[in-house]
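Subject: Handing over the two-chain model

Hi,

Here is the model I promised to pass on. Have a look at it first, and then read on for what came out of it.

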There are 2 protein chains.
Amino acid sequence: MAKYDVLCIGNAIVDIIARCDEKFLVDHSIIKGAMNLIDAERAELLYSHMGPAIEASGGSAGNTAAGIASFGGKAAYFGKVCNDHLGHIFTHDIRAQGVAFDTKPLEKDPPTARSMIFVTPDGERSMNTYLGACVELGPEDVEADKAANAKVVYFEGYLWDPPLAKEAIRLTARHAHGAGHEVAMTLSDPFCVDRYRDEFLELMRSGTVDIVFANESELISLYQTSSFDEALKLVANDCKLAAVTRSEKGSVVVRGEERIIVEPIEIDELVDTTGAGDLYASGFLYGYTQNRSVADCGKLGSLAAGLVIQQIGPRPRQSLSHEAEQHGLA
Amino acid sequence: MAKYDVLCIGNAIVDIIARCDEKFLVDHSIIKGAMNLIDAERAELLYSHMGPAIEASGGSAGNTAAGIASFGGKAAYFGKVCNDHLGHIFTHDIRAQGVAFDTKPLEKDPPTARSMIFVTPDGERSMNTYLGACVELGPEDVEADKAANAKVVYFEGYLWDPPLAKEAIRLTARHAHGAGHEVAMTLSDPFCVDRYRDEFLELMRSGTVDIVFANESELISLYQTSSFDEALKLVANDCKLAAVTRSEKGSVVVRGEERIIVEPIEIDELVDTTGAGDLYASGFLYGYTQNRSVADCGKLGSLAAGLVIQQIGPRPRQSLSHEAEQHGLA
């Protein structure tokens, strides 16, 4: 029996979150809604122009791991921090959530990654990520016992940005498939898809990836088509299972000819979309590894995503297992 | 004309905030609702038992300064951080809010102060503060130009905990009174009052302090009486003006024989009481330094306090000047 439900792999990042107006994004050439990669110098500059902020552990797959643990699933995580203050915060938060996290931290430079996240009045988040220590994640960080002992290995498309992480992913995927388990990925961001389109398609078509998470614009970017239905048909061909989120329109789960439509939950107030896709994946994968129907997996994803966008910060502050119970999804 | 509306002086602290259940407080001997002082070793221990957290700049008078600036007032701040990561966060956040903050940071140990704040399901916060660099704040940190150029100097009773800050306060108060300005303090915490009752009373009775902020339990502790009316009578005798907050019962402003009752604002959901008293003081002092009626000062205090308790973290994420406008208090 697998020791973990899901092993998540990603860029280990602490978020620095502040509100801003639309003009700030324009004035600072920040692409709205996207993950903008920045260097140390630009990180300094943006921070000096940033309003009062709060800090919270983040990182796409880290948020997913935290969500799975909050649902009551057994999660593990690979990601690289530095042995500095932000690294301690990241490590504390993910372990305190119950996630097994043992990747060896860097002893010195580069420092732990941070993403300056600007939230506009419409709740949309625009990220500015300095990768720092994440560039050092490599195949030597693959813990074989975890890689072979998770029902699903899940990783971020973002990991194609640092130089060595993709080797870690391919190695982990071999462990997983060797043990008869599955591999999932998120396409992460439409610009990320644009940077690595051919490699992402190769991952899917070669069977390295079995399950794909994407939002509508990422999927459209992947297949360079303006037709959503066409994109769904193509992704159904390229992987065993795909879950495609569509913001306030909910999500569609695609499996061969099947199309399962999942409604979103009702929202009182959209505060901050940071973590929406990550938490959708957490609910879906929690359900999936508990052998729930894919419709239920989608509902669990909608629930977690719907909760996280009603607060500041990318990780759930509620107990998601309690919330699932309250919503009749336990 | 005074360059600043309010100069705030306090322990410069970054808050580390997590939820916990009631049992956690009991198991860890944390006095509920209080500010518990801890040493470095206990800070390590509590952090290792703390759930996933978020970090936000705090410190009682720092929160007040941030609130005043958010209302559109001109605020300055004295407080001691270390030149470390938490110190950078504190400095960034208070300056980004528009507060003049130039206290020289420590170059090395002790590190910047942090307070681990546990929020129970009822929204009450229980603080565990490691004072770190704050113990080094002293009279050499008094910037004479700021001390003499603020309409009101406001400080925390908490400053009696570190060894040298009280000398800084007395020096600042002399500058302020010498320039014909007023001095205000908050009693901070009922246990803090218990530690320094005689000194606090001496500050008031000697005229070092003109204006007092307190909540009901602090005032009751100050005068060791079980009668709230009796405590109001005593405080009216001991200072020119006092504003006493009473949680969901609003506040009472006391000036000689006058008693001005201020209603609280309506709350949708009580999330976290951290910063309630600090933000009440910010609204009150903003109004006071704009020559508003004391009734209006109290309403501005109620507004800011009511907003901050509906979010996680001790500083306003809204523009308080915008909120004042929306509530007909501009």
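How many bridges join strand β7 (residues 113–119) of chain B to β8(B), and in which sense do the strands run? There are 6 bridges, and the two strands run antiparallel. A pair here takes at least two DSSP bridges between the strands, while strands (E, at least two residues) and helices (H or I, at least four) are DSSP runs numbered from the N terminus.

Before going further, some housekeeping. This is a predicted model, in which local features need pLDDT of at least 70 and side-chain atom pairs count only at pLDDT 80 or more, whereas totals for chains, interfaces and linings use all residues. Residues are numbered from 1 along each chain as its sequence is written, and chains are lettered from A and ligands numbered from 1 in the order in which they are written.

Back to β8(B). Across from B:Ser126 in this strand stands B:Phe118. β7(B) and β8(B) make a hairpin with 5 residues between them, and B:Gly123 in the turn has a positive phi of about 90°. Strand β3 (residues 35–37) of chain B also pairs with β8(B), in the parallel sense over 3 bridges; there B:Leu37 has B:Thr129 as its bridge partner. Of the 6 residues of β8(B), 6 are buried (20 or more other C-beta atoms within 10 Å of the residue's own, with C-beta atoms placed from the backbone). Both faces are covered, with B:Arg125, B:Met127 and B:Thr129 on one side and B:Ser126, B:Asn128 and B:Tyr130 on the other.

Now the two copies. Chain A superposes on chain B by a rotation of 180° with 0.0 Å of shift along its axis, at an RMSD of 0.0 Å (least squares on C-alpha atoms of residues with pLDDT of at least 70 in both). The copies are thus related as by a two-fold rotation axis. In chain A, the C-alpha of A:Glu55 is nearest the axis, at 2.4 Å.

The contact (C-beta atoms, placed from the backbone, within 7 Å) takes 21 residues from chain A and 21 residues from chain B. On the chain A side, β4 (54–57) and α4 (85–96) each supply at least two residues, and α4(A) gives the most, with 6 residues. β4(A) is joined to strand β4 (residues 54–57) of chain B by 3 bridges, running antiparallel, and A:Ala56 stands opposite B:Ile54.

Enjoy exploring!

Definitions and conventions. Contact = placed C-beta atoms within 7 Å. Buried ≥ 20, exposed ≤ 12 C-beta atoms within 10 Å, placed from the backbone.
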